[in-house]
Amino acid sequence: MRKKKAMAAALGINLAVCVLAGCEKTPEESIVKEKGADSIRQYESTEETKGGLRERLNAPKHYKNESVYENGGLVIDTDADVFVPDVDTVNTYAVSAKELNQELIDQVTEIFFKGDKIYQGVAYHNWSKEDIQNQITTLKKYKAEGNLDPYQYGKDENGNLQFHIDEVIERYEEDLKTAPDEREKIEVTPALNLEYWTGKGDERVKEVDPDHFYGVAETEGGAYNYVIDYALKPDIRFHIEKIRDEIKDPMEFSGWTEGEFILGNKESPNYIPEESIQNVLNISFEDAKKTAEETIAKIDSGLTLTHWDYSVFYHGEQGAKEDNMLDAGYLFQFSRNLNGVPVTHEISQGGALEDMDSTLVPWSYERYSIVVGDDGIQTADLINPYNIGEIKTENVKLMNFDSIINIYEQMMEVTNADILNYEKKRIYNIRNIRFGYTRIYDPVSDNDTGLLIPVWDFFGGFDSEDLDGSQTNRNSGERSTQSFMTINAIDGSVIDRGLGY
């Protein structure tokens, strides 16, 4: 049933492509319909090599157009630079998921924590008597000040506070009786299937986790949480994050967020001026970039920097704001580069499911990101490394830019056909058009192999008004890494970035 629905949707897209593309013939079996690398037809090569890629595709350096639909209720404002890599030819490549083994774990550990001691994470973070007493004191201080909802949990449907401060204090006072005098440090070598203890007192039990590792590395520059996750195989995640000491209350939320979410809308309560972020930074962009690139080069020489942004470390439940910003850094995103054509960085993780009832095991995209601050690496995420296989189609035949634009403008209308059922008006601000690779696969038949194909992505933001006329969103799209349309550069089919096909 699921596949029939997907095929029906694909037929509708193919019909639109046929109408719009004119002389550009759409393949009978599109990627959207057939999905995976094994079932995709062998794309056609071309012998044409005259001129560079931009010239062959007749792609401008900038494209501008405004399309208005639904009596002005839907506007597609495209005013975008057009990025085309400086290459002559483009291939398609077989790709597969790298397996998580001890060799890979040792490689990452050596790169980030060479010579450092690493401890079992659960024991390391298990509070001592002093930690618990400090938390009890903090909560009692909140209560004395009349702050009964210090973490902004809010109220339930009956108007009662969801955070019960007296109950939490009572629970900590009970924990204090059996807490260790000091935190326990158990030195380990990062690996899967390590034994660890859970529970307290007589209820402690030994467990083994075959799909996770959680440790803390103590380095000269501070301590880092070190997480390895293989529970959703073939997905792999290495997450490294510096443990901060600015947070006086460990129960309070804190974390990092990308600059695009705090710089895109000056009217947002979460807006932080760029100047304020720069004032917190005590490292130059070039020095931070050098640190990130030297680290990534040790992981894989085929990765290149494809995007950068600011990143802000903040505390509090209401998101990043200027008055709760504690630190900042530079965020660097790296992607694979194949013969001069990069894999396009896009905000979607890929690997989503078509519905909640699906029993498929998805495969998310490869991605690498590092945040560097004035005291070194703050966070690093190494996700789903690829094995790059053989060239499947050399010098693949591509649709010209005009045909792609026709599909984009028509499909932006089609995919927003019901938007006025929920909003009074929406204006898309498309500010960047990029040619690059993305990975597609077929989770029905094989969830760890796929194909790297060239696509066009249309990046931006949108302004919208609610049905009552109030402003609900404003995003100029200038800093956006969200693509509102991804089109196969070979046959014009539309790819769902969230699903990955």
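**Cavity, pocket and core**

Lining the largest cavity are 16 residues, and those nearest its centre are Ser-335, Val-343, Thr-344, Tyr-365 and Glu-366. A cavity here is a set of points, on a 1 Å grid over the protein atoms alone, where a 1.4 Å probe fits but cannot get out, whereas a pocket is an open set with protein on both sides within 12 Å along at least five of seven lines; lining residues have an atom within 4 Å of a point. The model is a predicted one, in which local features need pLDDT of at least 70 and side-chain atom pairs count only at pLDDT 80 or more, while totals for chains, interfaces and linings use all residues. Residues are numbered from 1 along each chain as its sequence is written, and side-chain values use heavy atoms, with hydrogens and water left out.

The space in the largest cavity is about 160 Å³, a volume being the space filled by probe spheres set on grid points that are joined across faces, edges and corners. Two or more residues of its lining come from each of β12 (325-338), β14 (367-373) and β17, with β12 giving the largest share, three residues. Helices (H or I, at least four residues) and strands (E, at least two) are DSSP runs, numbered from the N terminus.

The largest pocket holds about 850 Å³ of space. Of its 24 lining residues, His-125, Arg-183, Ile-243, Arg-244 and Pro-250 are the closest to the centre. Helix α6 (129-144) and strands β8 (222-229), β9 (237-242) and β10 (254-258) each give two or more residues to this lining, and the largest share, four residues, is that of α6.

Turning to the packed side chains, the largest nonpolar core has 56 residues, and Val-90, Leu-398, Tyr-408, Ile-433, Phe-435, Trp-456 and Phe-458 have the most contacts inside it. Such a core is a set of buried Ala, Val, Leu, Ile, Met, Phe, Trp, Tyr and Cys residues joined through side-chain atoms within 4.5 Å, where buried means under 20% relative accessible area with a 1.4 Å probe and protein chains only. Among the elements that give two or more residues to this core are β3 (92-97), β17 (423-442) and β18 (446-466). Another core, of 44 residues, lies apart from it and includes Leu-192, Tyr-226, Ala-292 and Met-325.

In β3, five of the six residues are buried. Strand β3 runs antiparallel to β16 (residues 386-393), to which five bridges join it, and it also pairs in the antiparallel sense with β18 over four bridges; pairing requires at least two DSSP bridges between two strands. Ser-96 has Asn-387 as its bridge partner in β16 and Thr-449 as its bridge partner in β18.

Definitions and conventions
Buried < 20%, exposed > 50% of the residue type's maximum accessible area, 1.4 Å probe, protein only.
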